[in-house]
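Visitor: I am new to this structure and would like a close look at a single part of it. Please take me through the charged side-chain pairs slowly.

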Amino acid sequence: MAKDVADSFSRPQDSPRRVEHRGLARRVGLSLLHSREASIAIAGIVLVVYFQTTAPAFLSPGNIANLAGYAATTAIIAAGEVMVLISGEVDLSVGQVYALSPFVMYYAHEAGVPFVLAILLGLMVASIVGIINGLLTVVLRIPSFIATLGTFYLINGFTLTISGGFPVQPKAGPTITTTFGGNAVSQSLWAIGIALVFQFVLRKMRWGLHTIATGGNLLGASEVGVKVGVIKVGNFILCSILGGLAGTLDSFRIGSIDPLAGGSEIMFMAIASAVIGGTLLTGGSGTIIGAFFGAIVLGILKDGFTLSGVSAYTFDMILGGAILITMLINVRLSLLRAAGGGQ
């Protein structure tokens, strides 16, 4: 016993500052554990450093502009897809709405409608698609995967029919072009604004809370008075409108409207952004900001591998692996958060 007492005096004691630093490190670690957004943001920073060392042109102004435009488009669509996924459904048709809305805008303007009203008409048609998807899922009880797969092909055929399969060029003035995504900066501002607004809606407003409740426990949410059908239909409408908006912004940035643009590729990239960003496909949990960072990370990966000379086939392999690994991590972290009382 005397030896133990002597040893306790002889061992160096942790200073208050060291204890404080350990406590800070622990708090930071717990904060990262409870934040879906932090991990994907860190991954993005690491990827930027890596690709800049392997491909020096990665951070050139021209490449950053290309990356920003691609990521902004994906992030805008992903914001709507997150709302649908959290409510327990999925929208496969949004990639075709991305192509349809700009054509509606173009033909409306060609008929004499001012550009702003023509844009609104394009988004109105997008909202009608969302209503159809919602009613097929909620009223007719067709699984959303099947319902939106059907509208995916219907919209694609309709867009090809009205366009004849040929691209067109919107003839807008500089003010309209710049305001509605005419360059990477303005389109990035649209994406950031949409991500912030929808994150606020999801976390602080009744619609967002009811969306989480609907996807987390459909029966329980309906028993406490949540109008789950209205929530699901409304989120389908939001998703379609954001898909149409993304296509409209791209039409001004690119300078043309292609009936073959969008489709399954942009839709699956949006869903991948949502999943990588921390949204569970099982519903009830997700984050708009995480999907925004997920879109940036996917853009960095695709652009970085292209500059490094990696083939598109290899990128698809890496993307598939990233989605599987991310889902495993997200499920594990969700269990840890539940066990620790995290949100």
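Visitor: How many salt bridges does the structure hold, and what surrounds them?

Guide: This is a predicted model, in which local features need pLDDT of at least 70 and side-chain atom pairs count only at pLDDT 80 or more, while totals for chains, interfaces and linings use all residues. Residues are numbered from 1 along each chain as its sequence is written, and side-chain values use heavy atoms, with hydrogens and water left out. The mean pLDDT (the predictor's confidence in each residue, from 0 to 100) is 86 for the protein chain, and 85% of its residues reach 70 or more.

The structure holds three salt bridges, a salt bridge being a side-chain nitrogen of Lys or Arg within 4 Å of a carboxyl oxygen of Asp or Glu. One of them joins Glu89 to Lys232, with the closest N and O atoms 2.6 Å apart. This pair links distant parts of the chain, since Glu89 is in the loop between helix 4 (61-86) and helix 5 (94-110) whereas Lys232 is in helix 12 (residues 228-254), 143 residues apart. Helices here are DSSP runs (H or I, at least four residues), numbered from the N terminus. Both Glu89 and Lys232 are buried, where buried means under 20% relative accessible area, exposed over 50%, and partly exposed in between, with a 1.4 Å probe and protein chains only.

Helix 12 also holds Asp250 and Arg253, which are three residues apart and therefore separated by about one helical turn. Their salt bridge has its closest N and O atoms 3.0 Å apart. Asp250 counts as buried because its relative accessibility is 5%, whereas Arg253, at 27%, is partly exposed.

In the remaining pair, the side chains of Lys302 and Glu265 meet at 2.8 Å, N to O. Here too distant parts of the chain are linked, with Lys302 in helix 14 (residues 288-308) and Glu265 in helix 13 (residues 263-276), 37 residues apart. Lys302 is partly exposed, with a relative accessible area of 27%, and Glu265 is also partly exposed, at 49%.

Thr211 counts as buried because its relative accessibility is 0%, and its side chain reaches the backbone oxygen of Trp207 at 2.8 Å.

Note on methods:
A polar contact is a pair of N or O atoms within 3.5 Å; within protein, one must be able to donate a hydrogen and the other to accept it, and residues adjacent in sequence count only if both atoms are side-chain atoms. Helices (H or I, at least four residues) and strands (E, at least two) are DSSP runs, numbered from the N terminus.
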